[in-house]
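User: Please go through this structure with me, one question at a time.

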Amino acid sequence: MKTLIRTVVAGAALATAISACTSAPVGTAPTKQRLPALRLVSYNGCDDMLAGLREHAAGNVSQFGFGGAVPMFMTREKSAMTADAAPEHSTTNTHEAGVDEPDLVKTDGNRIITVAGGTLRIIDTATRKVTGSLKLTKADEPAYAPADLLVSGDRALVLYRGGDIMYKTFAPVGQTRYLLVDLAGEQPKLLGTIKPQGTYVDARMVGSTVRLVTRSQPDITFPQPKENASEAEMKQANEAAVRKAPLDAWLPKIEITDAAGTVTKKAVDCARVSHPADYTGTSLLTVHTIDLAQGLTQAGTDPISLAADGDTVYGTGQSLYVTSNPRWWWPVPMAAVEDTPQAPATEPDPAEPSPSAKVTLSPEPTPTAPPEETEVHRFDISKQGPPSYVASGKVPGRLLNQYSLSEYDGNLRVATTLNSTDQKTSASSVYVLKADTLDKVGEVGGLGEGERIYSVRFIGPVGYCVTFKQVDPLYTLDLRDPAAPKVTGELKITGYSAYLHPGNDGRLIGIGQEASDKGRTLGTQISLFDVSDPANPRRLSQMFQKDSGSEAEWDPHAFLYWPKTGLSVIPLNTYSEKSEEIGAMVLKIDDTAVTKLGMIKHPVQRQKDATYQPSIQRAMVIGDSIWTVSTDGVQVNDATTLAEQAYIPLH
């Protein structure tokens, strides 16, 4: 009989990740953090790998097992219109030019590719009709599972993110899988599928080559706790199970299905697994390399794995970075349930034990707060084939997201927030690491007293950082001298920017929330900053929409900015006691002001007795039109008048 254990993030862990950050005032010499050395090395054969994984994993198992990895927080004849003749169009808003990121919709100007309800659809932008579709989910698979896309030429890679690995005991939302689709025929055709073990983390594409990162935990079944067993006895039994586990328990598995339906199963070879000097043994990262132009022929031999964890991916044309904090979560048991043939499939409420299942309440542990440090692993992706490891390092504190990282002129800039030991204060800093060794070159602190980082953007030798608790200091950073980065200016205003985007020369656009002087958020604001003078950043204009929120605040892919005309579009949901407005707000952002032009809304949808307004998720400029996408349909509006031109349902 198996033990059903639910693991959740401890309150202290949540507080650690979302608490405000403090530091010394600007101008005060920051406390220098000594960055611990971290090097990635290969195992000396499979026996050495097994011994090392067992030893490290045993040292990190608790009486409740490993716990879960829970992060806090787009034959038909080819069109006569060639790519060269495609109308002028926007693309996915990405961090680095030339490095594509997965998103729910893609366009090459001639067509739009999207996946909704488990079906991939191709929309011809000239006729504004769906010209091809392919069902990607089977009858027993959830069609609602979200999917991301990467497209190169006539090949699309559909990325399905499986259920989180902590929930493998429960019904998953679907298995992690990558589907290669041919878009060139009369109808799109499935060319093959990869099912890796673990959870999809993220991916980047340079040219037609995709690097995919997955994360997996060892497949170890822990023994059923004995009645009245102490925590020490439970932990000892789990340690014994780990020390007896075979190498196969750790090696990530891969299942590849080709167009003919032939299935090939294999595991990552132990010779292709490396490890840092310090690691937990409780998770492995696997990097898959797929050239969409060549298909899946090399997919089974290209994966490499690391005995490390990973939650954030950042890529340039030459480098792939994966960062992690493997100890920023830990298990908090809620109940251990001894299954019987009559036990319910779902987890019982510990407060009301089921008569058909014996429920044992586990005492709550008092874990020590995990160290606040971010591991950084860099891989060279400048050559064809699998990436090669370059270096690893650590910095104090936690990243906000991939925009906290930036490679420039041979260095990696990293912005983090570090909480004090008592969790009452925190500090934010920017570290400069040498890219080829990830050794520290320089650092600057003093960013936001009593606050945490809300957004970061590095643009060439300049950096911008927003911290927030009650007011929003926007800091400008001079990073020209990597050994001596410095704060050059500061602007304090109410609210905050959750995403920063480069505008025209000397301009910076901020998407976030306005707030009261007490820090209470009031609604979406779009700010235009003049940063031409690094010592004196100024806000030139603000557009404020009361009682509203935008997906662009936390997902930059939802933000559209068309520099040619200054057109900008963001999804926006506005709620009040009397009304609700859901759609996309269209703006004009020039060198002096942010101006609201109007709203785009999709048709009201009716389902039996209910009606609803679809939420718009993405916007694109194609020719003289704005195309917006929701889960229910795609709409075309005139980019000048905003008049509706067409609506294409996705059902």
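Strands, a helix and rings

Analyst: In this predicted model, Thr119 has Lys135 as its bridge partner in strand E7.

User: How many bridges pair strand E6 with E7?

Analyst: E6 covers residues 119–124, and Thr119 is bridged to Lys135 of E7. The two strands pair in the antiparallel sense, and the number of bridges is six.

User: In the open sheet of six strands, which are the edge strands?

Analyst: The strand order is E8-E9-E10-E11-E14-E15, with antiparallel pairing. An edge strand pairs on one side only, which here applies to E8 (147–152) and E15 (263–267).

User: Which residue of E11 is the bridge partner of Leu180?

Analyst: Strand E10 (residues 177–182) and strand E11 (residues 189–196) run antiparallel and are joined by five bridges. Within E11, the partner of Leu180 is Gly192.

User: How far apart are the end C-alpha atoms of helix H3, and what span should its residues give?

Analyst: H3 covers residues 231–244, which is 14 residues. At 1.5 Å a residue the helix should span 20 Å. The distance between its end C-alpha atoms agrees with that, at 20 Å.

User: Why are the buried residues of H3 on the same side?

Analyst: The buried residues are Met234, Asn238, Ala241 and Val242. An α-helix has 3.6 residues a turn, so residues three or four places apart point the same way.

User: Is strand E23 largely enclosed or largely open?

Analyst: E23 spans residues 373–380, and seven of its eight residues are buried. Six bridges join it to strand E20 (residues 319–324), and eight join it to strand E24 (residues 388–396); both pairings are antiparallel. Given how many of its residues are buried, E23 is largely enclosed by the rest of the structure.

User: Which residue in E23 is the bridge partner of Ser319, and which in E24 stands opposite His377?

Analyst: Ser319 is bridged to Asp380 in E23. His377 has, opposite it in E24, Ser392.

User: What kind of aromatic pair do Tyr43 and Tyr279 form?

Analyst: The structure holds eight aromatic pairs. For Tyr43 and Tyr279 the ring centres are 6.4 Å apart and the planes are at 85°. Both residues are buried. Planes over 60 degrees apart count as edge-to-face, and this pair is edge-to-face.

User: How many residues apart in sequence are the parts that the Tyr454 and Phe468 pair ties together?

Analyst: Their ring centres are 5.3 Å apart with planes at 80°, so the pair is edge-to-face. Both Tyr454 and Phe468 are buried. Tyr454 lies in strand E29 (residues 452–459) and Phe468 in strand E30 (residues 462–468), so the separation in sequence of the parts tied together is 14 residues.

User: Which residues form one aromatic cluster with Tyr403?

Analyst: The cluster holds Tyr403 together with two partners.

Terms used
Residues are numbered from 1 along each chain as its sequence is written. This is a predicted model: local features need pLDDT of at least 70, side-chain atom pairs count only at pLDDT 80 or more; totals for chains, interfaces and linings use all residues. Side-chain values use heavy atoms; hydrogens and water are left out. Two strands pair if DSSP finds at least two bridges between them. Helices (H or I, at least four residues) and strands (E, at least two) are DSSP runs, numbered from the N terminus. The expected span of a helix is 1.5 Å times one less than its number of residues. Buried means under 20% relative accessible area, exposed over 50%, partly exposed in between (1.4 Å probe, protein chains only). Rings of Phe, Tyr and Trp (its six-membered ring) pair if their centres lie within 6.5 Å; planes under 30 degrees apart count as stacked, over 60 as edge-to-face and the rest as tilted.
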